[in-house]
Amino acid sequence: MAAVKGNPKPWKLQAVEEIRRLFTTYPVFALVSFRGVTSGQMQKIRREFRDFAAIKVIKNSLIEKAVKSLGGDYEKVLDFLGDQVAIVATNLNPFKLYKKLEETKVPSPLKPGQISPVDVVVEKGPTSFPPGPIIGDLQAGGIPAAIEKGKIVIKDTVTLVKAGEPVKPEVARALELLEIKPVKLGLDTRIVYENGIIFTPDMLAIDTEKLTENFADAYRNAINLAVNVAYVTPETAEILIAKAVIDARNLAINAAIFEKDVIEDIIAKAHTDMLALASCLSDDALDDELKSMVRTTVTVSEERKEEEEKEETKEEEEEEEEKEEEAIEGLGALFG
């Protein structure tokens with residue numbers, strides 16, 4: 001005798017209708033995995049998201065029913081169901097929502113039996129532990145621990161777990177003692193949906209600092225190009241006028257155009273050129289005044305050269321001292 005299916009339970013119908021409402025009311029929604037998230041962490045996330053998003057934890061089968069009833073582009077999300085999934089619906093754009101979801105992740109320890117998603121590397125160096133039974137726990141976890149100068153130290157850098165490997169209980173214990181939390185737990189984005197478009201995490205993971213730098217570089221390059229081709233915009237007008245003034249002054253000075261704004265500069269340049277020429281002549285060709293002026297100029301130049309040489313010598317000495325200090329530190333590290 002064939003089994004007779006009864007009517008769907010009211011709570012299931014209500015859940016499906018709630019999903020439909022979230023998908024059609026909000027322009028953007030995400031499917032997120034929350035495996036490993038504690039109830040306390042989830043409550044905290046709900047409080048933080050309350051002002052800009054609705055979070056609904058629901059069975060995959062009910063999400064599938066709601067999606068199929070809506071049809072169209074919504075059915076694209078069916079490929080991303082699975083595991084423990086929640087819906088996060090919002091008016092934020094996909095990139096802002098993804099950033100908010102990533103901020104829910106907090107450093108967490110690896111548990112015994114868990115498959116590690118990353119390589120776990122423990123660096124060599126001192127610990128804060130005094131000698132005691134803890135050294136046995138560290139060694140049992142595969143950490144080369146020893147006692148030096150009244151402290152437990154890790155003698156060598158070691159990879160305790162490789163990505164994809166299960167975590168042994170003794171390894172989990174050692175990592176817990178060292179307070180190493182190599183993974184982050186929180187709402188893990190599967191996809192974000194907006195107007196029929198599916199955004200995966202690799203599309204949404206944008207380095208905002210790098211992007212800001214790129215925009216700043218592009219702005220600087222655009223300004224430089226506009227200035228060099230004399231393209232007048234509100235941003236370049238002042239720079240172009242200042243550049244034109246400088247270029248005009250340089251031209252007037254070098255071409256000896258006698259204008260009141262540059263006459264002092266022309267005279268100063270002529271004086272400098274005269275002294276340079278006089279310094280190339282023998283003393284017999286110069287009068288006393290010129291000789292005195294040339295000597296003064298030579299003296300100033302020599303003093304300036306001596307100062308520069310002293311600065312270079314000082315910098316070289318400082319570099320040598322730094323190298324000696326580094327060498328001493330290296331010997332200290334070598335011989336303890």
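Tutor: Start with two helices, H8 and H9, which are oblique to each other. Oblique is what remains once angles under 35 degrees (roughly parallel), over 145 (roughly antiparallel) and 65 to 115 (roughly perpendicular) are set aside. The model is predicted: local features need pLDDT of at least 70, side-chain atom pairs count only at pLDDT 80 or more, and totals for chains, interfaces and linings use all residues. Residues are numbered from 1 along each chain as its sequence is written, and side-chain values use heavy atoms, with hydrogens and water left out.

Student: At what angle do helix H8 and helix H9 pack?

Tutor: Helices (H or I, at least four residues) and strands (E, at least two) are DSSP runs, numbered from the N terminus. H8 spans residues 208-228 and H9 spans residues 237-254. Axes are lines fitted to C-alpha atoms, for helices over the stretch in contact, and angles run from 0 to 180 degrees between N-to-C directions. Here the axes are 10 Å apart, and the angle is about 45°.

Student: Which residues in H9 do Ile223, Ala226 and Val227 in H8 meet?

Tutor: Contact means heavy atoms within 4.5 Å. By that rule, the H8 residues meet Ile239, Leu240 and Lys243.

Student: Is the angle between H1 and H3 parallel or oblique?

Tutor: H1 covers residues 10-25 and H3 covers residues 60-70. Their axes come within 9 Å and cross at roughly 55°. H1 and H3 are therefore oblique.

Student: Which residues in H3 does H1 meet?

Tutor: The H1 side includes Trp11, Ala15, Ile19 and Phe23. On the H3 side, the residues are Leu62, Ile63, Lys65, Ala66, Val67, Ser69 and Leu70.

Student: Is threonine 90 buried or exposed?

Tutor: Threonine 90 is found in strand E3, residues 85-90. Buried means under 20% relative accessible area, exposed over 50%, and partly exposed in between (1.4 Å probe, protein chains only). The relative accessible area of threonine 90 is 0%, so threonine 90 is buried.

Student: Which residue has its backbone oxygen 2.6 Å from a polar atom of the threonine 90 side chain?

Tutor: Look among the neighbours. Leaving out residues up to four places away in sequence, threonine 90 touches Tyr26, Pro27, Val28, Phe52, Ala53 and Leu97. The backbone oxygen in question belongs to phenylalanine 52.

Student: What is the relative accessibility of serine 108?

Tutor: Serine 108 is found in strand E4, residues 106-108. Its side chain reaches the backbone oxygen of valine 106 at 3.2 Å. Serine 108 counts as buried, and its relative accessibility is 8%.

Student: Where is lysine 149, and what is its relative accessible area?

Tutor: Lysine 149 is found in the loop between strand E7 (145-148) and strand E8 (151-154). Lysine 149 has a positive phi of about 55° although it is not a glycine. Lysine 149 is exposed, with a relative accessible area of 76%.

Student: What phi does asparagine 195 have?

Tutor: Asparagine 195 sits in the loop between strand E11 (188-194) and strand E12 (197-199). At 64% relative accessibility, asparagine 195 counts as exposed. Asparagine 195 is not a glycine, yet its phi is positive, at about 50°.

Student: How many helices and strands does the protein chain have?

Tutor: Step back to the whole chain. Buried residues make up 28% of its 336 residues. The secondary structure comes to 11 helices and 12 strands.

Conventions: A polar contact is a pair of N or O atoms within 3.5 Å; within protein, one must be able to donate a hydrogen and the other to accept it, and residues adjacent in sequence count only if both atoms are side-chain atoms.
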